[in-house]
Amino acid sequence: MDAQRLAGLPLGSPLLYEINTRCWLWELSETQGVPITLANIPGAELTRWRDLGFTHIWLMGVWSISPGSRSFSRRAARLRETYSKLLPGFSEEDIVGSPYAIGGYEVPQVLGGEVGLAQFRSDLHALGLKLILDFIPNHTGLDHPWVSISPELFVQSLVEAPGAFRQETSGGLRWIAHGKDPYFPPWADTAQLDYRNATTRARMLKELKSIAQRCDGVRCDMAMLVLNDVFVRNWSRFPRPAPERETRKEFWAEAISTIKTLEPNFLFLAEAYWGLEKRLLDLGFDFAYDKALTDHLIARRYAEAQRHVFSVGDPSLSKGVHFLENHDEPRVASLLSIEEHRAAAFLLLGLPGMTLLHEGQLSGAVVRASVHLRRRPPEIPQPDIARFYELLLATMQRSAVGRGAAELLGPAAAWNGNPTAENFIITQWQSGPGHFDLVVVNLAPHRSQCYVKPTVEGLEKQNWSMRDLLGTERHEKSGADMNRDGLYLDLAPHAAHLFQFQPSRGEC
């Protein structure tokens, strides 16, 4: 397997921290003994994020929730069963509704309002951090104002239809479709916007412009659902808009171009699945989810994980959002052993692109919270997990990882008949001449061996001092030998190393 050069990010690969805004503010208020909103976040909280190396903070769930959707969240028997398991003795006030069934792109006063959001963003900027917020392009909450006053913006029918709800509008009775992913039942707390309609797109672009004035980037929920061909297939059974309202342009191409003309450094992050990531990147997204890699790691498909990172190529890998969990996924600490977790986390942090870490992940939380609730069950932190994240994040900041040029190095078999090279993923980082770092991970639950050839210029002209920044291992290596035969690696199960190479004057 050949080396693969990737696009290095000169200012460092972004490190994104996802926060469940409502639960986080609730817990801060309990800890501080006074109401905490976005307007008065303790400075130590923000400083801690900066010191850990985060570059972007994603406040998940800051927008106003549709009252009708909140009512749905309180009525649904299936959801109430989940609440009972998570929070025995929960109150109705704890059920605030899904942050993805919004009533409008305004920050409610209970979270600090627009003034609080502006203060929070200013506080982040003072520490060199940037703010990411949600943009939900596909749907609104059940009783978003547009549903009654501008029903033509939504997928609808004049007659009763499966997956739709009855709505009296100024133009008479309509059946408005619930939002849906084509592979799952409809989201019954949402109303589906119609992207075949040019007026709908214009309204959503106006909303996006408003959001862009209040943050530094958006995480676009289910971004692939509004691609023209995906949308048409998903909604072919519902009547099309009037011909004069239809459009064939891709929404994302126009929207991203428009916003970046106004705010050139504004960041677009796509939640994306089904192999459509590259299409979204080609339309202008800066980053897109790499869910396939997540799935391989969680399922312990080590060879498939290696093949995946080589097959997606550049720019998809270096523009991927690499993660082990988020609010939609089970907690990684509930699925992988500590050793597996550490190796997978280090691997993702060492790849080019954006790494997403989820609130609670760094302390080993195992319970997936409900996005419909303002509280989540308290959990005792796992010290071993907290320590390894602290070490990984601190060590990354002392290395070339995320800075300069990255290259995937193809591991070769250590000897004929030894297949364990397929368990390695190795990334070379070089931020300047004369030194380089290797992120080396053996994903397997057994020892694995391989040879790998660094590709730095002038490797063969000198000897090299090799030390592990994550441990105590040190070696002296001949550049000529590494250039001819490769560097021999023999790693313990789930081993993770950050080897730093510098010129050596000693003998090998």
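Q: Is Tyr183 buried or exposed, and how is this decided?
A: This is a predicted model, and each value here is computed from it. A residue counts as exposed when its relative accessible area is over 50%. Tyr183 is exposed, because its relative accessible area is 59%. Tyr183 belongs to the loop that runs between β10 (172-177) and β11 (190-192).

Q: Where is Trp274 found, and what is its phi?
A: Most residues other than glycine have a negative phi. Trp274, which is not a glycine, has a positive phi of about 65 degrees. Its place is the loop between β13 (267-270) and α10 (277-282). His494 is likewise not a glycine and has a positive phi, of about 55 degrees. His494 lies in the loop between β24 (487-491) and β25 (496-504). With a relative accessible area of 11%, His494 is buried.

Q: Which residues of the largest nonpolar core touch the most other members?
A: The largest nonpolar core holds 141 residues, and those touching the most other members are Trp49, Leu59, Phe120 and Trp252. Helix α13 (residues 338-350) gives the most to this core, namely seven residues. A second core of 20 residues is separate, and its members include Ala421, Phe424, Leu438 and Val452.

Q: What is Trp49 in contact with, beyond its neighbours within four places in sequence?
A: With those neighbours left aside, the contacts of Trp49 include Tyr17, Ile19, Trp24, Phe54 and Ile57. Phe120, Leu124 and Leu129 are also among them.

Q: How many salt bridges are there, and where can one be seen within a helix?
A: The count comes to 29 salt bridges. One of the pairs is Glu81 and Lys85, whose side chains meet at 3.7 Å, N to O. Both residues lie in helix α4 (residues 77-86), four residues apart, which is about one turn of the helix. Glu81 is partly exposed, at 47% relative accessible area, whereas Lys85 is exposed, at 64%.

Q: Which parts of the chain does the salt bridge of Arg121 and Asp216 link?
A: The side chains of Arg121 and Asp216 meet at 2.8 Å, N to O. This pair links distant parts of the chain, 95 residues apart: Arg121 is in helix α5 (residues 113-126), and Asp216 is in the loop between α7 (198-212) and β12 (217-220). Arg121 and Asp216 are both buried. Arg331 and Glu325 also meet in a salt bridge, at 2.5 Å, N to O, and both of these residues are buried.

Key:
Residues are numbered from 1 along each chain as its sequence is written. This is a predicted model: local features need pLDDT of at least 70, side-chain atom pairs count only at pLDDT 80 or more; totals for chains, interfaces and linings use all residues. Side-chain values use heavy atoms; hydrogens and water are left out. A nonpolar core is a set of buried Ala, Val, Leu, Ile, Met, Phe, Trp, Tyr and Cys residues joined through side-chain atoms within 4.5 Å. Buried means under 20% relative accessible area, exposed over 50%, partly exposed in between (1.4 Å probe, protein chains only). Helices (H or I, at least four residues) and strands (E, at least two) are DSSP runs, numbered from the N terminus. Contact means heavy atoms within 4.5 Å. A salt bridge is a side-chain nitrogen of Lys or Arg within 4 Å of a carboxyl oxygen of Asp or Glu.
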